[in-house]
Amino acid sequence: MARIDLQNIRHAYAPDPKSDADFALKRVDQSFDDGGAYALLGPSGCGKTSLLNIMSGLVAPTEGRVLFNGDDVTARPTEKRNIAQVFQFPVVYDSMTVRENLAFPLRNRRMKPDDIARRVNEVLDLVSLTALADRRARGLTADEKQKISLGRGLVRPDVNAILFDEPLTVVDPQVKWELRASLRDVHRRTRTTMVYVTHDQTEALTFADKVVVMYDGEIVQVGSPADLFNRPRHTFVGHFIGSPGMNIMPARVDGATVRL
């Protein structure tokens, strides 16, 4: 597990950026504590997936540094960061059984067969897939396949962090609550650093201990779900958090008087 520090991160997809408007991420300084459960929350296009991909090493930032436990990994490729990433759509091997899918990354690391079997059985229980362990993935539902993706992230005992990019997009609405509860339970039991990207405030507020709200390429507030709901520090947070959101009215402060 790792503490992740993002220092002065800026990113532009076009070459030779000249102004803030050219940057998808304008400037980000944020730390994710070892063992924490975080959500990156914001509307589509605000930069949250770009930030997640910079953390995983899929994208190299235009400016700034990424540190894992104080070690600069900015130029380090994904496979050297020991990160597990769960994407919007389940990535599984359909021809393999659930058990074989979970064992695959451990076999690639040449772990001993007895150690592989023990670890896979632990993770099968952790993600509630023991009953399906010997079923081929091809016939499973989308939420069952997404549990396999989660399990593959958890099965490596030395993983630094698990990053989720809208992992419940393809899951039926009635199953989403169960999977969110399962993720919370997994986090409580493993204390693995987890960062969860979503545009859905319900997902963010029910999963995370701390929510990082993004807007227009910047972080506008970080806090607990209660802090964001009761004490928004930015008009976007007040409008975005809650259902319905706060009404925003233009006003002017004149001494001790507010004029509408």
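Reply: The lining of the largest cavity has 7 nonpolar, 1 polar and 1 charged residues. Here Ala, Val, Leu, Ile, Met, Phe, Trp, Tyr, Cys and Pro count as nonpolar, Asp, Glu, Lys and Arg as charged, and the others, Gly among them, as polar. The model is predicted: local features need pLDDT of at least 70, side-chain atom pairs need 80 or more, and totals for chains, interfaces and linings use all residues. Numbering starts from 1 along each chain as its sequence is written, and side-chain values use heavy atoms, without hydrogens or water.

A cavity is a set of points on a 1 Å grid over the protein atoms alone where a 1.4 Å probe fits but cannot get out; lining residues have an atom within 4 Å of a point. Points join across faces, edges and corners, and volume is the space filled by probe spheres set on them. The structure holds 1 cavity of 30 Å³ or more. The largest cavity has about 80 Å³ of space. Its lining includes Val-86, Gln-146, Lys-147 and Phe-164.

Helices (DSSP H or I, at least four residues) and strands (E, at least two) are numbered from the N terminus. Helix H4 (142–155) and helix H5 (173–190) each supply at least two lining residues. H4 gives the largest share, 3 residues. H4 also lies across E6, E7 and strand E8 (193–198), at about 175° to E6. Contact means heavy atoms within 4.5 Å; angles run from 0 to 180 degrees between N-to-C directions of axes fitted to C-alpha atoms, for helices over the stretch in contact.

E6 pairs with strand E7 (residues 161–165) in the parallel sense over 4 bridges; pairing takes at least two DSSP bridges. Ile-83 stands opposite Ala-161 in E7.

How values were computed:
1 Å grid on protein atoms, 1.4 Å probe; cavity = no way out; pocket = protein on both sides within 12 Å on 5 of 7 lines; lining within 4 Å.
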